[in-house]
Number of protein chains: 2
Amino acid sequence: MAYQPGLHIIAELSVTNTALLAQFRDAKDCIDHIIARHSLCNLGEVYHNFSPAGFTAVICLSESHISLHSWPEYGRLHMDVYLSNFLNDNDAITQAIFDELVYFFDAAIINQQTIKR
Amino acid sequence: MAYQPGLHIIAELSVTNTALLAQFRDAKDCIDHIIARHSLCNLGEVYHNFSPAGFTAVICLSESHISLHSWPEYGRLHMDVYLSNFLNDNDAITQAIFDELVYFFDAAIINQQTIKR
């Protein structure tokens, strides 16, 4: 099997609907659907709500990971979507997941960096 | 509280001692000590060994996350260390953790990117 770098998208997002940033419940539903839709393998996950508001989440995939860190007090969400290409070329899926999450949060992209690794 | 971007170090490492990449046990011991030494808050973690060899790990911190994805068949380790600066300026700790993990794996840095976010 050839060593194929994967795609890692790193972004800072602005989210006006800060209710989506206050607790992880709706974001987790969205991510669960995304993982199922793209037939990815969830190896385990950590979702944590902060008090009084905000959440952090890391989802460990056999293909690498997704992370979300929300800052409702600033209307900000930091997101990573990273899928390796060990068994399949997942670059299009990585981009699709990123786009789906931006759509879910109705977010504006403040900064985005794309790394092949 | 001012919004202070944190430091995210993203690296591809070359590791000659591939026994350290085959299973997560020793890496987890190292990370547990690092988290305690720097008084970080571990909110939960996922460690997974692949068959026949290789592991993936994400550690969710109240300060953000650490991830490791190993490829023993290529002598490669992909590592992320990201700590936000919400309550404290953690940039020096982020760099220290990265350096400590590079030392633990006796790794050569193939690619490293540093993002303020």
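How do the axes of helix α2 (residues 25–37) of chain A and helix α3 (residues 91–104) of chain A cross? They come within 11 Å of each other and cross at roughly 150°. This is a predicted model, in which local features need pLDDT of at least 70, side-chain atom pairs count only at pLDDT 80 or more, and totals for chains, interfaces and linings use all residues. Residues are numbered from 1 along each chain as its sequence is written, chains are lettered from A and ligands numbered from 1 in the order in which they are written, and side-chain values use heavy atoms, with hydrogens and water left out.

**The helix pair of chain A**

- Axes are lines fitted to C-alpha atoms, for helices over the stretch in contact, and angles run from 0 to 180 degrees between N-to-C directions.
- α2(A) and α3(A) are therefore roughly antiparallel to each other, a term for angles over 145 degrees.
- The crossing of α2(A) past α3(A) is right-handed, meaning that the near helix is turned clockwise from the far one by less than a right angle.
- Contact (heavy atoms within 4.5 Å) involves D26(A), A27(A), C30(A), I31(A), I34(A) and R37(A) of α2(A), together with I97(A), E100(A), L101(A) and F104(A) of α3(A).
- Of these contact residues, seven are nonpolar, three are charged and none is polar; Ala, Val, Leu, Ile, Met, Phe, Trp, Tyr, Cys and Pro count as nonpolar, Asp, Glu, Lys and Arg as charged, and the others, Gly among them, as polar.

**Strand β1 of chain A**

- Helices (H or I, at least four residues) and strands (E, at least two) are DSSP runs, numbered from the N terminus.
- Seven of the eight residues of β1 (residues 7–14) of chain A are buried, that is, under 20% relative accessible area with a 1.4 Å probe, protein chains only.
- β1(A) runs antiparallel to β5 (residues 76–83) of chain A, joined by eight bridges, and L7(A) stands opposite L83(A).
- Eight bridges also join β1(A) to the antiparallel strand β6 (residues 108–116) of chain A, where Q113(A) faces I10(A).

**The sheet of chain B**

- Six strands of chain B form an open, antiparallel sheet in the order β2-β3-β4-β5-β1-β6; strands pair if DSSP finds at least two bridges between them.
- β2 (42–49) and β6 (108–116) of chain B each have a single partner strand, so one side of each is left without a neighbour in the sheet.
- The twist averages 5° from one strand to the next.
- Helix α2 (residues 25–37) of chain B lies across β2, β3 (55–61) and β4, at about 170° to β2(B).

Methods
Parallel < 35°, antiparallel > 145°, perpendicular 65-115°, else oblique. Buried < 20%, exposed > 50% of the residue type's maximum accessible area, 1.4 Å probe, protein only.
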